[in-house]
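Colleague: Could you take me through one part of this model in close-up? I'd like to begin with a single pair of residues and then see what sits around them and elsewhere in the chain.

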Amino acid sequence: MKNNNEIIFAPGENSITILHKGKPNVITSDRVNYRAILDAVKADDAELVYELLDEVQAIKTMTEGRVTITGNKVFFDDQELNGAIVSKLTHMLESGFTNLTGWMKFTEKLMSNPSMKSREQSYPFIARTDILITPEGNCRGYKGVRDDFKDKFSGNFDNSPGMKHKMPRRDVDDDINNGCSYGFHIGSHKYADNWGGSDGKLMIVEFNPKHIVSVPSCSNYEKLRVCKYKVIEECTDRQVLQYTSSSYNDHDLFEFIYDQVNANETVSLTHIQEQFPDTNITDVISLGESRPEYRIGHQFNDDYMDWDISVEYTD
């Protein structure tokens with residue numbers, strides 16, 4: 001057993017044992033509280049470690065008290081959640097994430113979708129593990145396109161990386177019985193890869209869950225229609241997206257900049273580097289590439305020879 005101040009623990013290959021009140025608690029790597037406990041041990045936070053031993057309490061703590069569990073029901077801000085939303089939470093926890101801000105933003109955005117039917121239709125699609133949640137609460141899915149990046153149905157829409165498309169929500173077909181109809185279609189990996197075919201390309205696209213309009217039933221709920229989306233990049237290896245630590249590494253940096261700009265309109269690069277020493281202006285600019293709802297501005301201030309950073313919400 002090792003002792004970090006008050007914490008007595010023993011690390012294993014795929015587990016950690018915490019001694020609490022004279023009782024050993026073995027937390028294996030497949031438990032939802034495993035990563036959070038490891039982080040708390042590294043931070044020498046004994047109070048948090050003991051709080052996280054209870055999985056239900058751990059989820060409540062990691063979601064800042066917004067998720068509560070009563071029996072077999074899960075609530076977010078006292079509103080009962082559909083199992084599909086819970087499955088996204090479980091998937092992220094199983095993937096090793098302890099920062100659940102992205103999931104909470106995703107849940108807020110989905111709940112803000114103006115159509116109850118759209119929300120209910122979306123559940124079978126978003127429950128898929130190949131549809132990932134970004135730190136900003138958006139979803140990433142797939143789109144099969146022609147070799148010249150144009151959509152295969154009409155050939156009118158350019159799906160090159162960085163392109164954004166939108167149409168009035170009222171013009172998107174909300175009838176689940178209509179397979180190919182008006183609206184922008186986004187698919188699961190399997191559906192979009194097949195649609196793109198060997199002569200086309202597979203693109204990674206991002207959409208806000210509040211822009212979901214319908215999920216056609218004819219395709220086994222493997223595609224949906226939205227009124228707005230952004231093309232992120234080509235999936236050159238045509239593999240299924242996976243959660244990686246790198247997809248969240250810049251989350252804390254963006255949150256810090258966003259909070260500082262909200263308080264002061266701009267934040268200097270020097271101030272950012274006080275909290276994130278290895279950050280340069282290129283890192284800051286690149287934050288906007290995966291956040292279609294925000295425009296990150298940068299302007300060099302000759303008066304004090306530093307960069308001024310701003311953030312504008314564009315959605």
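Which residue in β18 is the bridge partner of F300?

Modeller: It's W307. Before going on, bear in mind that this is a predicted model, where local features need pLDDT of at least 70, side-chain atom pairs count only at pLDDT 80 or more, and totals for chains, interfaces and linings use all residues. Residues are numbered from 1 along each chain as its sequence is written, and side-chain values use heavy atoms, with hydrogens and water left out.

Back to your pair. Eight bridges join β17 to β18 (residues 306–313), and the two run antiparallel. Strands here are DSSP runs of E, at least two residues, and helices are runs of H or I, at least four, numbered from the N terminus; two strands pair if DSSP finds at least two bridges between them. The open sheet has three strands in the order β16-β18-β17, with antiparallel pairing. Its edge strands, β16 (267–268) and β17 (294–301), each pair on one side only.

There's another open, antiparallel sheet of three strands, ordered β5-β6-β7. β5 (67–70) and β7 (79–80) are its edges with a single partner strand each, so one side of each has no neighbour in the sheet. β6 (residues 73–76) is joined to β7 by two bridges, and F75 stands opposite E80 in β7. Helix α5 packs on this sheet, touching β5, β6 and β7, and its direction makes about 85° with that of β6. (Touching, or contact, means heavy atoms within 4.5 Å; axes are lines fitted to C-alpha atoms, for helices over the stretch in contact, with angles from 0 to 180 degrees between N-to-C directions.)

α5 (residues 101–111) also meets α6 (residues 116–126): their axes come within 11 Å and cross at roughly 145°. F106, L110 and M111 of α5 make that contact with R119, S122, Y123 and I126 of α6.

Next, β9 (residues 139–145), where seven of its seven residues are buried, that is, under 20% relative accessible area with a 1.4 Å probe and protein chains only (over 50% is exposed, in between is partly exposed). Both faces are covered, with C139, G141, K143 and V145 on one side and R140, Y142 and G144 on the other. β9 runs antiparallel to β8 (residues 132–133), joined by two bridges, with I133 partnered by C139. The two form a hairpin with five residues between them, and G137 in the turn has a positive phi of about 90°. Seven bridges link β9 to β12 (residues 201–207), again antiparallel, and R140 stands opposite E206 there.

Helix α7 (residues 189–196) packs its buried residues against β9, β11 (184–187) and β12. Those buried residues are H189, A192 and G196. The face turned away carries the exposed K190 and N194. G197 follows α7 with a positive phi, near 70°.

On confidence, pLDDT (the predictor's confidence in each residue, from 0 to 100) averages 88 over the chain, and 96% of the residues score at least 70. Where pLDDT is low, the predicted coordinates should not be read in detail.
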